[in-house]
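Open the model in your viewer and keep the selection panel at hand. We will go from one selection to the next.

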Amino acid sequence: MGAFFQSSTAAARYAKSRINFHPYVIEAIGQLLALKTPLPWALDVGCGTGHSTVALRALATNVLGIDPSAAMLTEAMSETQVVYAKSSAERMNVQDSSVPLMTVSQALHWFNSRAFYLESSRVLEAGGNLFIYGHRLDHPCLEFFDEQFPSPHKAFQLNPLELSLFNLSFVKAHNYQRPVVLNLEQTVGYLMTMSAVEVAMQSASSEVIETNLAATLSPSFQQGPLTFASAGTIWWLRKDS
């Protein structure tokens, strides 16, 4: 996750204001897998404050969420039969060939991808599934954001030929989209969780950035809350037998 989410203040913002889109992504994953009964367990890699981990309980009796940031894990959501552990994506403290289902949400761009694929191949059981999914919030009022706050990481790109080096196969990509209604405070709060804003905080205070975001967005909310598109792509990978 880089250095951007190691602080307690960043983790607290993330826990409070991140949009919890994970339940409908996990629902889509369940439909893709056509599960009749829950799996015995699942692994959520780069779990952050646990929104994605708790959502995964819909598909598995037990869920383990791992993240390299102790601060994020301190803020992680509590749920029955969900546990968390401090671990990197490249060196997981998980037994060989033991994971039937693994998920990664908005985190692969922080990983050493080849080391992660190698480790995934080690821990996934034969025929085990890995789902990697992203998220974006779309609305014309946010068109300024990427220019004012350049992303500190490259966009995730999946290379099926690279996957074959690690005994992994690309199954399919699935796009999802749901409407989400947010007011001004919720929208600013969400933007304050972005890594691009964490970079900006190296040269300006969080209070100044938050005030400026609110001033920029305020005219768009004069009539009240707005409906945004909460959307992304789910990439389905499978370990070869």
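Select strand S1 first. Five of its seven residues are buried, so S1 is largely enclosed by the rest of the structure. Keep in mind that this is a predicted model. S1 covers residues 39–45.

Strand S2 (60–67) pairs with S1 in the parallel sense, over six bridges. Strand S4 (99–105) also runs parallel to S1, joined to it by three bridges. Click on Leu 43. In S2, the residue opposite Leu 43 is Leu 64. In S4, Leu 43 faces Met 102 across the pairing. As background, side chains in a regular strand alternate between the two faces of the sheet.

**The largest core**

Which residues touch the most other members of the largest nonpolar core? They are Val 45, Met 102 and Phe 116, in a core of 26 residues. Colour the elements that each supply at least two of its residues: S1, S2, S4, helix H5 (113–123), strand S5 (124–133) and strand S8 (226–239).

Return to Val 45 and show its contacts beyond four places in sequence. The list includes Ile 66, Ala 89 and Met 92. Met 102, Thr 103, Val 104 and Ser 105 are also in contact with Val 45.

**Helix H5**

Follow Phe 116 into H5. Which residues of H5 are buried? Select Phe 116, Tyr 117, Glu 119, Ser 120, Ser 121 and Val 123. Then show what covers them. The cover includes S1, S4, S5 and S8. Helix H7 (160–163) and strand S7 (168–182) are part of the cover too.

**Aromatic rings**

Display the rings of Phe, Tyr and Trp. The structure holds 10 aromatic pairs. One to pick is Phe 116 with Tyr 117: the ring centres are 5.9 Å apart and the planes meet at 45°, so the pair is tilted. Phe 116 is buried at 0% relative accessible area, and Tyr 117 is buried at 1%.

Move to Phe 145 and Phe 149. Their pair is stacked, with 4.9 Å from centre to centre and 25° between the planes. Phe 145 and Phe 149 are both buried.

Next, select Phe 21, Tyr 24, Tyr 133 and Tyr 176 together. These four form one aromatic cluster.

**Cysteines**

Pick Cys 47. Its relative accessibility is 5%, so it counts as buried under the 20% cut-off. Cys 141 is buried as well, with a relative accessible area of 11%. How many disulfides are there? The count is zero.

**Zoom out**

Clear the selections and look at the chain. It has 10 helices and eight strands. Its C-alpha trace spans about 55 × 40 × 30 Å along the principal axes. The radius of gyration is 18 Å, in agreement with the value near 18 Å for a compact globule of 241 residues. Of the 241 residues, 52% are buried.

Residues 24 or more positions apart account for 78% of them.

Terms used:
Residues numbered from 1 in each chain as written. Predicted model: local features only at pLDDT ≥ 70, side-chain atom pairs only at ≥ 80, totals over all residues. Heavy atoms only, no water. Core = buried A, V, L, I, M, F, W, Y, C linked by side-chain atoms within 4.5 Å. Buried < 20%, exposed > 50% of the residue type's maximum accessible area, 1.4 Å probe, protein only. Helix = DSSP H or I, 4+ residues; strand = E, 2+ residues; numbered from the N terminus. Contact = heavy atoms within 4.5 Å. Disulfide = S-S within 2.5 Å. Phe/Tyr/Trp six-rings, centres within 6.5 Å; stacked < 30°, edge-to-face > 60°. Pairing = 2+ DSSP bridges. Rg over C-alpha atoms; globule rule 2.2 N^0.38 Å.
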